[in-house]
Amino acid sequence: MLKTTVKTFSHIPLSRLPLFAVQPDVPVTDALDRTYCLLDLAQEMAEQAALTENSQQLCHVIVYLIDMAKATVDACSEGILTSVGVGHE
């Protein structure tokens, strides 16, 4: 079974320390299902933001959703590459 690797995201600006992480050993299929949900929400919110004045807060939420989705896809990708013995560059 293909599984994720650990992948940190949402780094604190001054310290560059990660605030959150995708956990290792999550089945890739489950992680990608959740990623689809995150991206679906981000799309819906982006459509709302395009029609709303003063949508700065909504835009921040969209950025965080995309950041989580990207980290999850990266963790899945690294997990797949590791399982087939290919180094991730």
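Serine 10 touches Leu17, Pro18, Leu19, Phe20, Tyr64 and Asp67, leaving out residues up to four places away in sequence; contact here means heavy atoms within 4.5 Å. This serine sits in strand β1 (residues 7-11), strands being DSSP runs of E, at least two residues, and helices runs of H or I, at least four, numbered from the N terminus. Is serine 10 buried or exposed? Serine 10 counts as buried because its relative accessible area is 13%, and buried means under 20%, exposed over 50%, partly exposed in between (1.4 Å probe, protein chains only).

All this comes from a predicted model, where local features need pLDDT of at least 70, side-chain atom pairs count only at pLDDT 80 or more, and totals for chains, interfaces and linings use all residues. Residues are numbered from 1 along each chain as its sequence is written, and side-chain values use heavy atoms, with hydrogens and water left out.

One of serine 10's contacts is Phe20, and phenylalanine 20 lies in strand β2 (residues 18-22). Phenylalanine 20 is partly exposed, since its relative accessible area is 44%.

Now step back: the order along the sequence is β-β-α-α, so to speak two strands and two helices.
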